[in-house]
Amino acid sequence: METKTALITGSTSGIGRATALKLASDGVRVVVSGRNAERGLEVVEQIRTAGGEAYFVGADLRDAQSAVELAAKATQVAESAGGTLDVLVNNAAIGTGGPTAGTEESAFDAVLGTNLKAPFYLVANLAPAMAARGRGAIVNISTLAAEVALPGLSVYGASKAALDLLTKSWAAEFGPAGVRVNSVSPGPTRTPGSEGLGEFLQVLAAQAPLGFVADPEDIAAAIAFLVSDEARFVTGVILNVNGGRTVV
Ligand code: NAP
């Protein structure tokens with residue numbers, strides 16, 4: 001079987017990093033990406049030490065141009081390694097929060113730029129080649145805050161709710177050509193990115209039937225399933241991985 005190549009944005013930390021490690025252990029060639037090259041190269045090193053294949057491509061995803069550049073570089077890396085870019089995980093995001101009144105326009109634009117515009121242009125630049133080959137899998141990382149109102153997370157939640165709509169649009173648009181598109185929507189997960197939430201993370205987790213804070217590996221397992229061939233009949237789904245928070 002041909003080795004698949006996956007680009008995972010924001011895989012220098014947290015859920016993206018756990019996803020890179022999991023996919024690599026499943027035999028996928030991984031393109032690790034993020035702004036921080038030092039942390040990115042550590043992830044690459046860890047994968048290679050375990051016998052997997054990984055490369056780092058730096059990117060500061062904030063607009064169409066940065067997405068176009070990352071798409072081109074990641075495609076080149078996949079092709080130099082003898083493969084094609086078959087999997088995209090849109091995971092990089094920023095979660096700037098606060099009350100609606102007083103939100104600076106620059107903060108609003110930054111959240112939408114990284115969380116919505118960059119994934120849009122990554123898909124616009126990578127999905128057509130997947131479609132031409134007749135196979136591909138894309139997973140967008142959403143959030144509980146896209147479905148329920150969480151205090152101070154209106155712009156962040158809106159950016160991810162829009163991304164969930166794109167998941168459905170893209171599933172319809174690219175499905176006939178064999179490309180599947182799904183969302184994974186995590187609940188509270190212990191990562192460097194959620195550290196700033198302090199005790200609120202556990203308070204939030206306690207509102208769900210399962211009641212505990214997830215590890216990044218819990219989210220990575222769901223992503224790994226959706227990009228695998230075992231999920232070949234699954235597309236357009238928003239998979240809640242949130243301890244059951246949205247059923248109560
Ligand atoms: P994290 O530990 O802060 O990791 C975020 C990753 O995104 C890092 O690798 C970071 O890389 C990258 N990133 C941020 N801004 C970027 C930019 N402008 N350009 C390129 N890369 C950028 O966060 P996490 O908790 O793992 O979150 C990962 C995803 O899960 C996000 O989409 C988040 O919305 C979602 N999520 C998380 C939780 C949670 O409780 N943790 C819950 C629901 C949803 P660099 O620092 O190297 O740039």
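**Helices and their packing**

Mentor: In helix α5, the buried residues are Val155, Tyr156, Gly157, Ser159, Lys160, Leu163, Asp164, Leu166, Thr167, Trp170, Ala171 and Phe174. Here, buried means under 20% relative accessible area, exposed means over 50%, and partly exposed lies in between, with a 1.4 Å probe and protein chains only. This is a predicted model, in which local features need pLDDT of at least 70 and side-chain atom pairs count only at pLDDT 80 or more, while totals for chains, interfaces and linings use all residues. Residues are numbered from 1 along each chain as its sequence is written, and side-chain values use heavy atoms, with hydrogens and water left out. Helices (H or I, at least four residues) and strands (E, at least two) are DSSP runs, numbered from the N terminus.

The buried residues of α5 pack against α4, β5, β6 and β7 (238-241), where contact means heavy atoms within 4.5 Å.

Helix α4 covers residues 105-133, and its 29 residues should span 42 Å; the end C-alpha atoms are 41 Å apart, which agrees. Even so, α4 has a kink of about 45 degrees centred on Gly113. The bend at a residue is the angle between axes fitted to the seven residues ending there and the seven starting there. Gly113 itself is among the buried residues of α4, which also include Val111, Thr114, Asn115, Leu116, Ala118 and Pro119. Further along, Leu122, Val123, Leu126, Ala127 and Met130 are buried as well. Just after α4, Gly134 takes a positive phi of about 80 degrees.

How do α3 and α4 meet? Two packed helices are described by the angle between their axes and the distance between the axes. Axes are lines fitted to C-alpha atoms, for helices over the stretch in contact, and angles run from 0 to 180 degrees between N-to-C directions. For α3 and α4 the angle is about 40 degrees and the axes are 8 Å apart. That angle makes α3 oblique to α4: angles under 35 degrees count as roughly parallel, over 145 as roughly antiparallel, 65 to 115 as roughly perpendicular, and the rest as oblique. The crossing of α3 and α4 is right-handed; a crossing is right-handed if the near helix is turned clockwise from the far one by less than a right angle, and left-handed if anticlockwise.

On the α3 side, the residues in this contact are Ala64, Ala67, Val68, Leu70, Ala71 and Thr75, and they meet Lys117, Ala118, Tyr121, Leu122, Asn125 and Leu126 of α4. Ala71 is buried, with a relative accessible area of 2%. Leaving aside residues up to four places away in sequence, Ala71 touches Leu122, Asn125 and Leu126. Ala71 and Leu122 are 51 residues apart in sequence, yet their C-alpha atoms are 6.0 Å apart in space.

Helix α1 has 12 residues and reaches 17 Å from its first C-alpha to its last, close to the 16 Å expected. Its buried residues are Gly14, Ile15, Gly16, Ala18, Thr19, Ala20, Leu23 and Ala24, and they pack against β1, β2 (29-34), α2, β6 and α7. Just after α1, Gly27 takes a positive phi of about 95 degrees.

Helix α1 (residues 14-25) packs on helix α2 (residues 37-49) at about 25 degrees, with axes 10 Å apart, and the two are therefore roughly parallel. Arg17, Ala20, Leu21 and Ala24 of α1 meet Val43, Gln46 and Ile47 of α2. Ala24 counts as buried at 10% relative accessibility.

With helix α7 (residues 216-227), α1 makes an angle of about 55 degrees, and their axes are 8 Å apart. These two helices are therefore oblique to each other, and their crossing is right-handed.

Technical notes:
The expected span of a helix is 1.5 Å times one less than its number of residues.
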